[in-house]
Amino acid sequence: MTQRVFLIGFMGSGKSTIGKYVARDMGWNFIDMDHLFEKEQGCTISQFFAEKGEAAFRQEETKLLSRLAKENMVIVSTGGGTPCSDENIRIMRESGEVIYINVEPEILCKRLSTAKASRPLIANKSDEELLSFIQSKLAERDKYYRQATIIVDGDKLPFSSYRFLIEMADNNE
Ligand code: S3P
């Protein structure tokens with residue numbers, strides 16, 4: 001039986017909002033990787049990027065993911081870049097269901113334009129630069145996101161459907 005579900009998708013796709021809802025609905029624990037990262041490192045992700053750089057962040061992110069892949073009855077909301085390495089997507093696929101919340105770039109752009117500050121990859125982008133950044137980053141990341149075991153249309157699917165999808169995937173194993 002599935003013991004863990006990883007929610008993946010671009011920044012602003014709703015992973016944490018949906019994750020909290022689904023965890024409550026299923027009676028499982030909810031883990032927000034970004035929050036846990038910040039708690040354990042004792043600094044914000046922006047500070048970590050500024051002091052140690054993105055490569056160091058990615059290394060720590062993989063270590064954290066490997067630990068979470070051993071937890072039971074958890075819904076994990078990952079960072080937007082977490083699945084984007086062969087190693088990380090493999091860890092997730094081997095240890096649970098992976099749900100990609102697919103959202104249109106224009107919608108992501110609207111949501112992120114007021115939520116850039118805490119996200120180092122977009123903090124310094126103007127609103128004009130943001131949409132083209134999202135489009136090119138999404139194109140780059142698509143091959144990882146598409147390796148999810150379940151792909152959902154994040155703009156249209158009600159939160160209440162996620163439990164059903166997870167249980168269906170479980171029954172098909
Ligand atoms: C990142 C997304 C962020 C966070 C970090 C890098 C990315 O998480 O992990 O700023 O590479 O897309 P959210 O998707 O929760 O914003």
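Okay, let's start with M73, which is partly exposed, with a relative accessible area of 41%. Partly exposed here sits between buried, under 20% relative accessible area, and exposed, over 50%, using a 1.4 Å probe and protein chains only. M73 also has a positive phi of about 55 degrees, although it is not a glycine. You'll find M73 in the loop between α4 (54-68) and β3 (74-77). Those labels are DSSP runs numbered from the N terminus: helices are H or I with at least four residues, strands are E with at least two.

Quick background: this is a predicted model, where local features need pLDDT of at least 70, side-chain atom pairs count only at pLDDT 80 or more, and totals for chains, interfaces and linings use all residues. Residues are numbered from 1 along each chain as its sequence is written, and side-chain values use heavy atoms, leaving out hydrogens and water.

Now, the ligand. How many residues surround the ligand? There are 13, and K15, D34, R58, R119 and R141 are the closest; a residue counts if one of its heavy atoms lies within 4 Å. For polar contacts, think N or O atom pairs within 3.5 Å. D34 puts a polar side-chain atom 2.6 Å from a ligand oxygen, and R141 has one 2.7 Å from a ligand oxygen. From G81, a polar backbone atom is 3.3 Å from an oxygen of the ligand.

Last stop, helix α8, residues 161-171. Its buried residues are S161, Y162, I166, A169 and D170. Their cover includes β1 (4-8), α1 (15-26), β4 (97-102) and β5 (150-153), with contact meaning heavy atoms within 4.5 Å.

Technical notes:
A polar contact is a pair of N or O atoms within 3.5 Å; within protein, one must be able to donate a hydrogen and the other to accept it, and residues adjacent in sequence count only if both atoms are side-chain atoms.
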